[in-house]
Amino acid sequence: MTRGQGILTGAAFWLSLGGVLLAFLWHISIGAKAIPIGTVWDAFTAFRDDEFDHMVVRNFRLPRALFSITVGASLAVAGALMQGVTRNPLADPSILGLTSGATCAVIIGIGWFGLAGTAYVPFFAAIGALAGAALVWGIASIIPGGSTPLTLILAGVAVTAFLGTIQSAAILLNQEVFSGFRVWLTGSMAMGDMDTYLWALPWFGAGLIAALLIARQVTALAMGEEAATGLGVNPARIKIIALLSVTALSAAAVAIAGPLGLVRLVIPHVVRLFIGWDYRLIVPFCAVVGGGYMLVVDTVARIVLAPAEISTGLITVVLGALVFIWLVRARL
Amino acid sequence: MLTIEAAGGNIAVRLPVGAMVIAFVLLLANLAVATLSVTSGSFDLSLGDVWNTLTGTPPTDMAVTIVWEFRIPRLLVAILVGMLLALSGAVLQYVTANPLADPSLVGVSQGAALAVVMAIVVFLGTTGFALPALAFVGGLAAAALIQILTYSRRGDEPLRFILTGIGVAALIGAVISTVLTYGDIDRVMSALTWLAGSLHSVSSSELQWLFVTALVIVTLLIFAVRALSALRFGPELATGLGLQVRLVRALLILLSVGLAAGAVAAVGPLGFVGLVAPHIARRLTRAGVGLQLVLTALTGGLMVSAADLIGRAAFGDVQLPAGIVTAAIGVPVLIIVLFKGHSK
């Protein structure tokens with residue numbers, strides 16, 4: 001990278017960070033009672049506990065904005081890693097069984113074993129995500145012809161559908177649980193609570209740090225396994241670390257917001273369009289842009305049908321599916 | 001292989017004895033499940049009672065109602081649905097040359113499901129012939145959308161068809177979720193039972209509908225067997241054999257959609273039958289396309305009727321929809337089948 005490019009990239013990074021800050025303030029100011037952005041700013045810089053609006057901002061709106069940023073960042077980074085490691089532009093943890101595995105495990109854990117403790121939620125989600133991924137990769141690799149991108153995706157869809165039916169069986173056999181899960185199941189920022197969030201945060205942090213640490217090797221891997229080996233990268237090791245990182249990130253996202261489908265397709269592709277193929281840049285950019293994207297989507301979800309709101313997950317799936325279809329048309 | 005001694009020397013007549021035997025065994029298995037199915041349930045009826053009812057000397061009036069209005073229609077619907085779905089999956093797998101193609105994975109079932117869910121939740125529960133017709137239209141519309149998005153002058157068309165289908169399936173799934181999440185809870189619960197693929201409310205109107213669909217489409221399928229055999233050798237050779245590959249493929253996909261939509265219309269999206277049944281049939285024996293399709297249909301019928309039997313008998317008071325049972329059994333079976341195929 002030349003020096004000029006470096007400065008340009010740095011500027012772009014700070015610019016998108018500024019954009020996220022704006023989206024953050026906008027997200028908080030919008031709601032049942034519109035709060036001017038200036039007041040939102042004051043709530044953080046000059047907080048007064050006798051001011052009603054300041055309390056609303058800190059206690060109700062801030063958590064939701066934090067959920068959105070964290071979920072968006074973790075999903076975008078997970079998607080980027082997955083696409084880099086599998087060298088498959090359509091790879092997305094929600095297609096490859098991680099999201100549905102995590103969701104299924106959480107539902108069974110809470111609904112059936114009654115483990116309502118919030119500390120368990122990310123843990124269950126992580127185990128489920130790992131199991132889902134293992135199942136998909138296992139099936140794809142034993143199919144005659146090996147794990148091509150297509151078999152990987154089809155195996156993922158089959159496993160997702162399978163876990164989905166297990167979910168509906170669990171729900172049908174235990175209907176009281178269902179009414180509580182209805183909105184969470186479509187992926188929503190409204191259901192999360194601060195306790196779960198704090199328990200999910202370490203998972204998010206660990207996943208993000210791991211992603212940053214292996215970003216260089218993932219760039220090499222994205223060029224092909226031979227090339228990567230030639231550059232002194234051990235593909236198997238990087239793949240395993242990447243999988244663990246994606247698992248931790250997906251678990252954090254599912255624990256906070258439920259299964260959000262296909263988000264991870266959108267952001268990594270947009271980022272790559274501007275940034276190129278260096279994962280040392282893609283990972284941080286994905287984290288920032290992903291967080292901002294989710295803030296905007298969540299704001300839109302609350303505005304469109306105000307005073308009611310749409311589940312954030314439904315919007316992300318619609319956008320993600322459109323990008324997916326477009327990718328299939330453009331790349332194949 | 002049967003060898004017949006003839007006057008001028010040996011004439012070898014290729015008779016797939018093995019496959020015929022397996023077809024017969026499958027038929028027997030279907031009968032066995034059918035027997036269990038008509039005799040088990042909350043109202044006790046012995047096999048003798050059922051037989052007497054069927055032959056016209058019922059033990060009680062109650063038995064007539066139960067056998068003729070509940071158990072027999074339900075059983076026949078299960079078998080027919082299984083056959084249609086299995087055939088649909090098999091045709092799709094032949095056409096796309098992909099062992100994992102299945103109507104419920106590529107958006108056809110979702111299209112049908114969306115039409116029905118809208119009818120139940122938004123338009124206050126339509127019944128009778130309207131529901132199957134809606135599902136049929138929904139499935140075809142989804143397939144048409146996928147076909148339009150897939151159309152392009154270059155590249156691998158079956159591959160794009162499947163991947164576009166997955167994208168469309170996700171899109172339709174989001175719309176279904178929206179309806180289910182924000183609709184009235186009581187209607188949503190009834191839509192959800194339908195969505196899980198349940199046979200608990202089938203009546204003779206569904207049976208008539210299925211029977212007509214099966215008759216029409218299976219007749220069409222018989223004409224398609226030659227084209228399917230040619231396609232098995234790959235597009236180049238099929239073209240060489242005088243096939244208009246593109247046209248034939250599109251027609252066969254349409255046929256596959258019709259089969260799936262007919263089944264989904266009757267009982268909701270039953271997953272995995274279309275995916276798994278052709279694999280099981282292929283593992284049982286190798287035969288020509290025609291006989292293979294017969295085996296696939298028998299396997300599918302067996303799967304769904306057995307799943308329905310397990311779902312309503314095995315869990316006491318709770319009736320588990322057949323779709324959940326087929327998925328719970330189907331996926332492990334699929335993994336075993338694929339694994340066996342690999343280790344050979």
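Start by selecting helices α3 and α11 of chain B: their axes come within 7 Å and cross at roughly 75°. Angles from 65 to 115 degrees count as roughly perpendicular, so that is the word for α3(B) and α11(B). Keep in mind throughout that this is a predicted model.

To see where the two helices meet, show side chains. On the α3(B) side, pick Gly82(B), Leu85(B), Ala86(B), Ser88(B), Gly89(B), Ala90(B) and Gln93(B). On the α11(B) side, pick Val273(B), Gly274(B), Leu275(B), Ala277(B) and Pro278(B).

**Chain B as a whole**

Now colour chain B by secondary structure. There are 13 helices and two strands in chain B. The chain has 344 residues, and 49% of them are buried. Take the contacts in chain B between residues at least 6 apart in sequence: 76% of these join residues at least 24 apart.

**Along α11 and α12 of chain B**

Next, go to Ala287(B), which sits in the loop between α11 (273-284) and α12 of chain B. Is Ala287(B) buried or partly exposed? Count the other C-beta atoms within 10 Å: there are 19, so Ala287(B) is partly exposed. The cut-off for a buried residue is 20 or more.

Along the sequence, Val17(B) and Ala287(B) are 270 residues apart, yet their C-alpha atoms are 9.8 Å apart in space. Apart from neighbours within four places in sequence, the contacts of Ala287(B) are Pro16(B), Ala19(B), Gln292(B) and Leu295(B).

Move on to helix α12 of chain B, residues 289-313. From first C-alpha to last, this helix of 25 residues reaches 36 Å, close to the 36 Å expected at 1.5 Å a residue. Of its 25 residues, 19 are buried, so α12(B) is largely enclosed by the rest of the structure.

**Leu231(B)**

Select Leu231(B) in helix α8 of chain B, residues 204-231. Leu231(B) has 23 other C-beta atoms within 10 Å, so it is buried. Which residues is Leu231(B) in contact with, leaving aside its neighbours within four places in sequence? They are Tyr94(B), Val95(B) and Ala238(B). Draw a distance from Leu231(B) to Tyr94(B): the C-alpha atoms are 7.4 Å apart, although 137 residues separate the two in sequence.

**Chain A as a whole**

Hide chain B for now and colour chain A by secondary structure. Chain A has 13 helices and zero strands. Of its 332 residues, 52% are buried. Among contacts in chain A between residues at least 6 apart in sequence, 76% join residues at least 24 apart.

**Helix α3 of chain A and two partners**

Two packed helices are described by the angle between their axes and the distance between the axes. Select helix α3 of chain A (residues 52-86) together with helix α10 of chain A (residues 235-257). They pack at an angle of about 155°, with axes 9 Å apart. Angles over 145 degrees count as roughly antiparallel, so α3(A) and α10(A) are described that way. Residues of α3(A) in this contact include Phe67(A), Thr70(A), Val77(A) and Leu81(A). From α10(A), the contact includes Ala242(A), Val246(A), Leu249(A) and Ala253(A). The crossing of α3(A) and α10(A) is left-handed.

Among the residues in contact are Phe67(A), Thr70(A), Val77(A) and Leu81(A) of α3(A), and Phe204(A), Leu208(A) and Ala211(A) of α8(A).

While on helix α8 of chain A, pick Thr196(A). With 21 other C-beta atoms within 10 Å, Thr196(A) is buried.

**The nonpolar core**

Finally, show both chains. The largest nonpolar core has 217 residues, and those touching the most other members are Val77(A), Ala125(A), Cys286(A) and Val81(B). Helix α3 of chain B (residues 61-96) gives the most to this core, with 18 residues.

End at Cys286(A). Not counting residues up to four places away in sequence, Cys286(A) touches Ala76(A), Val77(A), Ala80(A), Ile267(A), Pro268(A) and Val271(A).

Notes
Residues numbered from 1 in each chain as written. Chains lettered and ligands numbered in written order. Predicted model: local features only at pLDDT ≥ 70, side-chain atom pairs only at ≥ 80, totals over all residues. Helix = DSSP H or I, 4+ residues; strand = E, 2+ residues; numbered from the N terminus. Buried ≥ 20, exposed ≤ 12 C-beta atoms within 10 Å, placed from the backbone. Contact = placed C-beta atoms within 7 Å. Core = buried A, V, L, I, M, F, W, Y, C linked by C-beta atoms within 7 Å. Expected span 1.5 Å × (residues − 1). Axes fitted to C-alpha atoms, helices over the stretch in contact; angles between N-to-C directions. Parallel < 35°, antiparallel > 145°, perpendicular 65-115°, else oblique. Left-handed = near helix turned anticlockwise from the far one by under 90°.
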